[in-house]
Amino acid sequence: MIRALQIALAVFLCLTGTVIGQDQANLPHYDITADLDPETGALSVEVTITGVEGGPLALRRADWLTIENVAVGGRAHAFTPQQRGFIVPLSGAGPHDVVISARGTIPALASGGRRNGAGSAVSGAEGTFLSGYSSWFPFSGSAPFSYRLSVSAPAGTKAVSPGKILQETETAESYTAVFASEKAFEAPSLFAGPYEISERDVGGIRVRTYFPADLAGFSGDYLDAAGRYLTRFSAEIGPYPYEDFHIVSSPLPVGLAFVNLTYIGEMIVPLPFMKGRSLAHEVLHNWWGNGVYVDYPSGNWSEGLTTFMADYGLAKDQGSEAAKTMRLRWLRDYAALPESRDARVRDFIGKEHQAAQIIGYNKAAFLFHMLEMEIGQKSFAKGLRKFWSDYTFETASWSDIRRVFEVVADRDLSAFFDQWLDRVGAPELTLGDVQTEQTGDDFLTTVTVRQSPPAYSLLVLMDLEKGSGTERFLRRLDGPEAVFEFRTGEPVKSVHIDPDYDLFRRLLTGETMPIMRDITLAPDVAMLSLHDDDSLSEQALGLANSLMDRGSTAEIVAEAPNLTQLGSLPLIVVGEPAELAEFAKDNAISPVPEKLEAGALTAWAAQTPARLPVLFIAADGAEALRSARRSLRHYGRQSYVVLGGGKAPQRGIWPVASSPLMKPMTK
Ligand SMILES: [Zn+2]
């Protein structure tokens, strides 16, 4: 189950189309009539495009789709096939009406469902997915446009598409539904399958689930959850911009966001997690991404803002401890990111690998958290609503976001946005001298805080612990060093800087314990095998490479590299449990699990004294290596995991030593 979930998360994508400025009244219009049989994959489609100005008209089509007829102005018309489409020559300025009929067999859904991305077209008895990007109907690619889509399928099948439902009819033979959009930016995708529809009205929004019979029991929970998120985000941002919201289950292991619709793999529908943060995230993309469009060339802000308001917003609901845990997890992931893979937030376009997610989702979400601290909750909330009302159904960039928040906060925020968007990296804070002395009736405490160059302008929270409790202060650090003074009525016992991880910064040694991602996110990793048997070493190498982030590789080395040398590659060491324990001891690599179980596979992250990350994989046979191949890579955020041995996986993070940003007082 966990595996299916992770696969789905790996392909979470958000689709948007290209934009060509045009008067809404004169948008080209597509009238699409589709006849679909999911089981055989047979599709026939007729498209009438009206309002085509000038010519020639270039149209795309899927390679499995055959163009049967083209008519212009009611008369049969010639067309020229091209590699991925065809061209309809047009004479005169227009506007022209072009009618095209096409037919084809949609590629078969592989049995059991294989990995399929946002651009696919597949069909089978379990369902049909026709991505708008697959050119399942002849489409010019120009946007915006309006459309009306009428789809018919055999009885027992339900079909659904983004857009408003205009009409729905069901007879003993067939099901027909009609969808429409007055201004669309991407070709409509089409979904069909043996679905049961459940529906609820949420303040005038029609919310539906399209689930097969064996998942119908989950509908109530999904409708409840979707209703809560729609209500919540409408209140926080502005009214939901569409009439419908559909949750459609997929035979494919995917999780995709479309306009007023989310498409999620049926394997993961039962997981509690899905109707929590994941569904909230997809619902929120109707505002950020599909309601305000992303100006991709200047950077994708929508994942950061969506992560901040949905994933992190739900964590905040659980309490400050859950919110702190999420921030720490983001910082921990960032600490695992090698410098060579670090990037500017502004350069994030989409999530091709985990490294991009650490910047484009997490660091960008952190930016909004710090912005809220900078300008205050009230202005921040006002800014979100203003951003929505100013840019609904328009394209917006990071600069537009900055301008909106500058207006509501009535201050210049260019330095704030520049340092977080345009710099690679993060500041590292250190705590210098802390002193306290009695001055008359009260006490004067001085605290020296430093940051690594180049200096950021930071709002730093500081906790001063006194006999009667802890008092919290907020101070600005905008140079390499500052000495802060505090007057208190009683002696201060200790000082703690940024105690709740409210700043995006580099964690210090002591704040972080090794996790497996320290190794698996590195672009190149050396693997040393202590197995005598070459076939075991090969198995282990296969396992090691299954752990690496996309684009990264582990290569086998013949002998142990010099671990004290600077610039050595992170290392994976594989072997039998006893050999690994000995290797760790000889090289002063720590920590090592107290007990390594026979028959199980134990993987753990550790460090050399020079802080070089090392991942150990202890297995005493080919079977343990083979069976870990599917599951081990899902534990990258852990310090250690024990798989097999007839027990449920055990995992965890090494306990943290005391924080170097906390100091007891010296006199
Ligand atoms: Zn997203």
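Pro144 lies in the loop between strand 11 (127-130) and strand 12, where helices (H or I, at least four residues) and strands (E, at least two) are DSSP runs numbered from the N terminus. The peptide bond that joins Ala143 and Pro144 is cis, with omega about 0°. The model is predicted, so that local features need pLDDT of at least 70 and side-chain atom pairs count only at pLDDT 80 or more, while totals for chains, interfaces and linings use all residues. Residues are numbered from 1 along each chain as its sequence is written, and side-chain values use heavy atoms, with hydrogens and water left out.

A cis peptide bond also runs from Ser590 to Pro591, with omega near -5°. Pro591 belongs to the loop between helix 12 (577-586) and strand 33 (600-607). Most peptide bonds are trans, and most residues other than glycine have a negative phi. Asn260, in the loop between strand 20 (255-258) and strand 21 (261-265), has a positive phi near 45°. Asn260 is buried, with a relative accessible area of 1%; buried means under 20% relative accessible area, exposed over 50%, and partly exposed in between (1.4 Å probe, protein chains only). Asp410 also has a positive phi, of about 55°, without being a glycine. Asp410 is located in the loop between helix 8 (398-409) and helix 9 (414-421), and counts as exposed at 69% relative accessibility.

The zinc ion has as its protein donors His281 (NE2), His285 (NE2), Glu303 (OE) and Glu303 (OE), at 2.1 to 2.7 Å. Donors are N, O and S atoms within 2.8 Å of the metal (3.2 Å for Na, K and Ca); water is not among the atoms, so sites may look incomplete. Along the chain the donors follow the spacing H-x3-H-x17-E. Both His281 and His285 are buried. The angles among the four donor atoms are 52 to 148°, and the site is irregular. Four donors count as tetrahedral if all angles lie between 85 and 135 degrees; four count as square planar and six as octahedral if opposite donors are over 155 degrees apart and all others between 65 and 115; anything else is irregular.

The structure contains 34 salt bridges, each a side-chain nitrogen of Lys or Arg within 4 Å of a carboxyl oxygen of Asp or Glu. In one of them, the side chains of Asp31 and Arg148 meet at 3.9 Å, N to O. Asp31 lies in strand 2 (residues 29-37) and Arg148 in strand 12 (residues 145-154), so this pair ties together parts 117 residues apart in sequence. Glu372 and Lys316 form another salt bridge, with their closest N and O atoms 3.7 Å apart. Glu372 is in helix 6 and Lys316 in helix 4 (residues 302-318), so the pair ties together parts 56 residues apart in sequence. Glu372 is buried at 13% relative accessible area, whereas Lys316 is partly exposed at 39%. A network of salt bridges links Lys324, Asp463, Arg472 and Asp500.

Lys363, in helix 6 (residues 354-375), is buried but has no salt bridge; Asp342, the nearest side chain of opposite charge, is 5.4 Å away. For charge, Lys and Arg count as positive and Asp and Glu as negative, while His and the chain ends are not counted. A polar atom of the Lys363 side chain lies 2.9 Å from the backbone oxygen of Gly425.

Note on methods
Polar contact = N/O pair within 3.5 Å; in protein donor to acceptor, adjacent residues only side chain to side chain.
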